[in-house]
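Please look over the sequence and the fold below.

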Amino acid sequence: MSQLFEALDFVENPLYERIIDDVAKQKFSVIDDFFDANEVEVLRASLLEKYEEDAFKKAAIGNKFDEVIVKSIRGDVILWIDETKSNPAENLFFNKINDLVNYLNRTCFLGILHKEFHYAIYPKGTFYKRHLDTFKNDDRRKLSFVCYLNHEDWQPENGGELVLYLDETKPENDKIIYPLPGRVVIFESQIIEHEVKPVDTKRLSITGWLKTR
Ligand code: OGA
Ligand code: MN
């Protein structure tokens, strides 16, 4: 198809446009119900199945190739998801992600060429201290993406809020985000420092990064 036809073919997606706007203006976006209740259930079942198979390992500081486990900084356990070996739940997940990525690449010239995602479980008492999602040996992470897979009856007392530190000089501007099921948070990996507060009830999520080359 010619480029002209492709352009004519383009249909604006209001949700994606809002995400793009949010990130442009405030460096983050919170999208409730990015995944519906049924999708959350399917993804949670996949996460828990793998957890029971004991495929998870203690999360590390650093990236896949440079890992050091420091429990005083983070206490979650993770499992990287291999898109080439994805199960039906993960297919559903990647279909949505790829749709978003294609849209971003088409409209924002972001040049997202790679992505990496992992399941994460924060057992009771764990946390992830304030940090930035970029590493000394890898600055390709552009957008961080977190999707919560907690149960419907999740309550603020369960802890595990995500805090985005938006302005060093104005702590009152810190953004507190509860890990509600189906909610997705997207933020600029190289700019937004953030933290996961101590968890009181096992906290379930998929976290990932959209990366340039
Ligand atoms: C991370 C992270 C945030 C969250 O895994 O790097 O900051 O809310 N996760 O789980
Ligand atoms: Mn992080």
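**Overall shape**

The protein has 213 residues, and a compact globule of that length would have a radius of gyration near 17 Å; the protein has 17 Å, which agrees. That radius is taken over C-alpha atoms, and the globule rule is 2.2 Å times the number of residues to the power 0.38. This is a predicted model: local features need pLDDT of at least 70, side-chain atom pairs count only at pLDDT 80 or more, and totals for chains, interfaces and linings use all residues. Residues are numbered from 1 along each chain as its sequence is written, chains are lettered from A and ligands numbered from 1 in the order in which they are written, and side-chain values use heavy atoms, with hydrogens and water left out.

The C-alpha atoms fill a box of roughly 55 × 45 × 35 Å along the principal axes. The secondary structure comes to 4 helices and 11 strands. These are DSSP runs, numbered from the N terminus: helices are H or I with at least four residues, strands are E with at least two.

Contact means heavy atoms within 4.5 Å. Of the contacts with a separation of 6 or more, 79% join residues 24 or more positions apart.

**The cores**

Buried residues make up 46% of the protein. Buried means under 20% relative accessible area, exposed over 50%, and partly exposed in between (1.4 Å probe, protein chains only). In soluble globular proteins, nonpolar side chains tend to be buried together.

Here the largest nonpolar core has 35 residues. Such a core is a set of buried Ala, Val, Leu, Ile, Met, Phe, Trp, Tyr and Cys residues joined through side-chain atoms within 4.5 Å. F35, F93, F117, F145 and I186 have the most contacts inside the largest one. Elements that each supply at least two of its residues include α2 (14-26), α3 (37-52), β4 (114-122) and β11 (203-211). The largest share, 8 residues, comes from α4.

Take F117. Leaving out residues up to four places away in sequence, its partners include L79, W80, F93, I97, F145 and I206. A second, separate core has 17 residues, among them A59, Y122, I192 and V199.

Is T212 buried or exposed? T212 is buried, at a relative accessible area of 15%. T212 lies in the segment after β11. Beyond four places in sequence, T212 touches L110, G111, L113, H114, R140 and K142.

E41 sits in helix α3. E41 counts as exposed, at 51% relative accessibility. From E41 to Y165 is 124 residues in sequence and 30 Å in space, C-alpha to C-alpha.
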